[in-house]
Amino acid sequence: MSKPTKEQLIEFFTMMVKIRKTEEKLMEVFSNGEILGFLHVSIGQEAAPVGVCAHLNDSDYISTTHRGHGHAIAKGIDLKYAMAELFGKKEGFCMGRSGSMHLADLRKGVMGANGIVGGGIPIATGAAFAAQYKHTDQVAVATFGEGATGEGAFHEALNFAAIKKLPIVYLCENNGWAEFSPQHVHMPIKDVIKRAAAYDMPAVQVGNDVIEIYEAAGEAVARARAGEGPTLLEVRSDRWYGHYVGDAQNYRGKEVVAAAMGKDCIVDYEKYLAKAKVLKKADFAKIVEQVQAEIDEAVEFARACPFPEPSEMTDGLYA
Amino acid sequence: MKDIRYIFAVKEAMEEEMERDESVFLIGEDVGLAGGSFGASRGLYDKFGAKRIVDTPISELGFTSLAAGAASCGLRPIVEIMFMDFVTCCMDSIVNQIAKMRYMFGNQYVMPIVVRMPEGGGLNAGPQHSQCLEAWFAHVPGLKVVMGATPYDVKGLLKASIRDDNPVIFIENKTLHAMKGAVPEEDYVVPLGKADVKREGSDVTIVTASRLVHESLKAADALAEDGISVEVVDLMTIQPWDRETVFNSIAKTHRLVTAHEAVKQFGFGAEIAATVAEEILDELDAPIVRVGAPFAPASYSLEKAYVPDADDVKNAVMQTLERSF
């Protein structure tokens with residue numbers, strides 16, 4: 001597997017910061033009531049979407065979860081129209097109908113975030129089926145947490161994909177928490193990759209390190225593209241915040257939260273880039289500044305957009 | 001025209017649409033090598049191969065959501081659910097995903113997917129193999145719900161459903177599978193959303209679908225001997241249903257009976273009755289009477305008493321004739 005180029009290494013950093021800063025901004029506008037409903041952030045878990053999506057083209061597919069902003073951003077979704085969607089505005093990708101939990105942009109292969117845990121796994125498997133059916137070289141990625149591996153949808157999808165050798169990567173981001181329950185409560189095993197044995201499927205476990213993820217994902221995506229079938233990729237990470245923004249997290253102690261927040265895949269990567277002399281201190285600050293400007297512009301755009309009219313409620317319900 | 005069985009009409013519809021459009025495929029349990037549990041895909045595996053006639057593990061949720069993903073990527077899946085009862089295993093797929101994917105993603109998608117399944121009694125198969133759940137799906141915005149009563153209708157409706165860009169819940173009836181009927185040699189469709197007046201009459205309108213169409217026609221024959229003229233309206237599409245045809249019929253007869261095999265409570269007859277009461281109550285000369293199964297699971301030993309038949313329909317017609325406002 002080829003190593004990432006210098007440009008890619010910088011792009012990984014930029015993208016991880018973009019996800020982090022976007023979600024920090026979302027927490028701010030959520031707390032002041034500008035966006036509604038539920039907000040699930042992936043802060044602390046930015047490495048996985050960036051390392052995986054670096055191997056994907058616009059025509060490749062990804063299905064994401066309720067905690068899916070990172071995947072959509074890493075897959076290249078336009079931040080302005082994504083933000084408009086999160087603000088519930090008519091110009092949003094989904095006409096203000098989806099908000100955070102169902103964000104989608106088919107042109108970028110973002111099939112949609114899913115409010116049903118595990119719901120997107122067989123859907124992405126269907127995208128892989130379509131790619132195989134049409135003899136394209138497209139690949140699909142299904143993202144989910146370890147909690148979703150308790151769902152029948154997970155097993156049904158992996159079983160079928162393994163039988164048919166579908167071009168798909170199952171990306172399990174194991175942050176140790178299924179909503180409010182720690183892993184030992186809902187899984188008899190520590191490693192999700194063990195589940196792949198039931199489907200005779202290759203499985204790889206990596207840490208929350210963007211380079212490590214990039215390399216493992218590279219092999220999995222190449223395998224899929226070559227028609228050799230699916231791979232289960234497990235990334236071990238930590239969820240900094242609760243299940244949703246505003247979650248008091250009474251189900252886990254302060255020390256657990258502090259330990260999670262003590263591990264930062266972006267800070268670690270920044271140190272790596274500095275040590276490898278890929279970027280200087282001033283470069284990091286400049287990237288953060290540029291990303292922040294793009295996010296602020298997206299928020300201003302979203303604020304200025306109109307809401308959909310009640311009269312548009314059923315527009316396009318049927319094709 | 002040629003005389004073919006209902007289940008063969010289903011097969012012909014799928015076969016012709018698969019010949020016409022490379023993106024159409026069939027997926028489900030035992031549809032390939034076995035030719036389908038009820039024989040709907042007999043011969044299709046040999047003709048189209050494993051790529052387009054896709055046998056699956058026993059995993060209704062998995063393969064139905066998979067079909068949704070494939071539909072969103074440009075294919076036109078036909079999903080076979082072996083018995084309608086088993087559709088309960090993939091309600092997430094149909095209700096949360098398929099029905100909403102177009103709408104909640106801002107019309108970016110079309111969802112050209114047909115989910116076929118046989119409903120109803122007739123095999124003494126008991127509570128988990130005999131249900132009629134069409135009303136569940138008619139209650140979910142984004143789905144169309146279609147039920148064919150004859151070989152001609154089922155073939156034309158299925159072809160129209162496969163060509164439709166919306167998700168269609170396509171409900172067949174097990175007792176009708178062996179029924180023979182005339183079907184044209186040439187290509188045709190029966191449009192969705194249009195009802196068919198199966199028998200014209202002037203005294204009472206029966207709004208019905210699927211197997212109860214035939215029971216209603218039998219009841220109408222018997223009532224005709226007593227000089228009672230019954231109009232039988234076969235909805236064919238339950239959602240969206242053809243208000244114009246139903247309203248026109250009631251404007252003529254001024255009496256309404258609804259009839260379906262599903263339990264009476266909250267069945268599609270309730271929606272028809274409520275809409276008629278809401279919008280054209282002044283057209284009615286008597287209370288509406290509904291026919292449906294008792295509010296109990298289908299009983300293995302009591303199936304004959306459980307499923308509504310021509311006598312039940314006939315009694316309902318008599319009831320509405322005996323009363324007036």
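**Entry 1: A:Val169.** I looked up what A:Val169 touches, leaving out residues up to four places away in sequence, and found A:Val139, A:Val141, A:Ala217, A:Ala220, A:Val221, A:Ala224, A:Pro230, A:Thr231 and A:Leu233. Contact here requires C-beta atoms, placed from the backbone, within 7 Å. I note that this is a predicted model, in which local features need pLDDT of at least 70 and side-chain atom pairs count only at pLDDT 80 or more, while totals for chains, interfaces and linings use all residues. Residues are numbered from 1 along each chain as its sequence is written, and chains are lettered from A and ligands numbered from 1 in the order in which they are written.

**Entry 2: the core.** I then checked the largest nonpolar core, which has 200 residues; A:Val169 is among the four that touch the most other members, with A:Ala124, A:Val141 and A:Ile168. Domain 1 (2–183) and domain 2 (196–322) of chain B both give residues to this core, so the core lies between them. Such a core is a set of buried Ala, Val, Leu, Ile, Met, Phe, Trp, Tyr and Cys residues joined through C-beta atoms within 7 Å. A residue is buried with 20 or more other C-beta atoms within 10 Å of its own, exposed with 12 or fewer, and partly exposed in between, the C-beta atoms being placed from the backbone. In soluble globular proteins, nonpolar side chains tend to be buried together.

**Entry 3: A:Phe30.** I found A:Phe30 in helix α1 (residues 6–31) of chain A. Is A:Phe30 buried or exposed? A:Phe30 counts as buried because 21 C-beta neighbours lie inside 10 Å. Not counting residues up to four places away in sequence, A:Phe30 touches A:Ile35, A:Leu39 and A:Val245. I also looked up A:Phe87, 57 residues along the chain from A:Phe30, and the two C-alpha atoms are separated by 9.3 Å.

**Entry 4: between the chains.** I read 31 residues of chain A in contact with 34 residues of chain B. On the side of chain A that touches chain B, the elements giving two or more residues are β2 (110–112), α5 (120–133) and α6 (152–164). The largest share, nine residues, comes from α5(A). Helices (H or I, at least four residues) and strands (E, at least two) are DSSP runs, numbered from the N terminus.

**Entry 5: domains of chain B.** Chain B is divided into domain 1 (2–183) and domain 2 (196–322), with bounds from an automatic or database domain assignment. Taken over C-alpha atoms, the centres of the two domains are 26 Å apart. Their contact takes 24 residues from domain 1 and 23 residues from domain 2. On the domain 1 side, β6(B) gives the most, with four residues.

**Entry 6: chain B as a whole.** I listed 11 helices and 14 strands in chain B. Buried residues make up 57% of its 325 residues. The C-alpha atoms fill a box of roughly 60 × 40 × 40 Å along the principal axes.

**Entry 7: β11(B).** Five of the five residues of strand β11 (residues 230–234) of chain B are buried, so the strand is largely enclosed by the rest of the structure. I checked both faces: B:Val230, B:Val232 and B:Asp234 are buried on one side, B:Glu231 and B:Val233 on the other. Strand β9 (residues 196–199) of chain B runs antiparallel to β11(B), joined by three bridges; B:Asp196 stands opposite B:Asp234. Strand β10 (residues 204–208) of chain B runs parallel to β11(B), with five bridges, and B:Val207 stands opposite B:Val233. Pairing requires at least two DSSP bridges between two strands.

Technical notes
Contact = placed C-beta atoms within 7 Å.
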